Amino acid sequence: MQATKLPNDAKAGPTKPEVRAVLARKLALGPDDHFVEVGSCTGAVTVEAARRAGRVTALERKADRLETTRSNLAANEYDADVRLVNAEAPERLPDDGDVVFLGGSRNYERVLDAALAAGYDRIVMNVSRLEVAGEAARAFRDRDLLDEALCLQMATGYDLAGATSFDADNPVYMLVGEPESGGEPGDGE
């Protein structure tokens, strides 16, 4: 797999490569899938999805972040038909999507409801704040949607006086749901 190039950044920063690796597994995208991303920010997830899915729609409410997504897409190779949309979800959420990823927590309950109403097969949400993660997990459960809840904590090694020390990133909470299954956490793979 080729490395994702992100020559342009956004204040929120890209989803870390290690988190994207787990996310790719949970999204389980194939060439026939229409992937929808809510909150594209830097486009790091958009680029990787565009290498796996047949179609990608990236929604971003901030025009400058959408331009960052566009620039980072241009720096990478991919085969998907990609559509960038400047909108605040659930506005303009495609009703023919297969998989939706919520990269942010704004309006997430309305996005969940819209995705369920449209018949999406998989819904994955990343959250960086503990309180929001708890509320989002409850929202997934209330909709009989929570199949898996993960807490991803990464630490990267660096040289410290000739030895290796680690610099820890903040944890990322990942909620995974498939509307048809509606299992309990840990029931997944």
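**Figure 1. Methionine 125 stands opposite leucine 175 of strand β9 in this predicted model.** Let's start with this pair of residues and the strands around it. Strand β5 covers residues 122–127, and strand β9 covers residues 172–177. The two strands run antiparallel and are joined by five bridges.

**Figure 2. Cysteine 151 meets tyrosine 173 where strand β6 pairs with β9.** In β9, tyrosine 173 is the bridge partner of cysteine 151. Strand β6 takes in residues 148–152. As you follow the pairing along, you will find five bridges between β6 and β9, and the two strands run antiparallel.

Figure 3. Because six of the six residues of β9 are buried, the strand is largely enclosed by the rest of the structure. Its pairing partners include β5 and β6, each joined to β9 by five bridges.

**Figure 4. Arginine 83 is a partly exposed residue of strand β3.** Strand β3 spans residues 81–86. The relative accessible area of arginine 83 is 42%, which lies between the 20% limit for buried and the 50% limit for exposed, so the residue counts as partly exposed. Leaving aside residues up to four places away in sequence, arginine 83 touches Val56, Thr57, Ala58 and Arg92. To place this view in the chain, compare alanine 155: from arginine 83 it is 72 residues away in sequence, and the C-alpha atoms of the two are 34 Å apart in space.

**Figure 5. The whole chain gives the setting for the close-ups.** Five helices and nine strands make up the chain's elements, and from the N terminus their order is α-β-α-β-α-β-β-α-β-α-β-β-β-β. The radius of gyration is 16 Å, which agrees with the value near 16 Å that a compact globule of 189 residues would have. Along the principal axes, the C-alpha atoms fill a box of roughly 55 × 35 × 30 Å. Buried residues make up 46% of the 189. Among contacts between residues at least 6 apart in sequence, 65% join residues at least 24 apart. The accessible surface is about 9600 Å², with 44% of it belonging to carbon and sulfur atoms. Finally, the chain carries 22 positive and 34 negative side chains, and the centres of these two sets lie 5 Å apart.

Terms used
Residues numbered from 1 in each chain as written. Predicted model: local features only at pLDDT ≥ 70, side-chain atom pairs only at ≥ 80, totals over all residues. Heavy atoms only, no water. Helix = DSSP H or I, 4+ residues; strand = E, 2+ residues; numbered from the N terminus. Rg over C-alpha atoms; globule rule 2.2 N^0.38 Å. Buried < 20%, exposed > 50% of the residue type's maximum accessible area, 1.4 Å probe, protein only. Contact = heavy atoms within 4.5 Å. Areas by Shrake-Rupley, 256 points an atom, 1.4 Å probe, with all protein chains shown as cover. Lys, Arg positive; Asp, Glu negative; His and termini not counted. Charge placed at Lys NZ, Arg CZ, Asp CG, Glu CD. Pairing = 2+ DSSP bridges.
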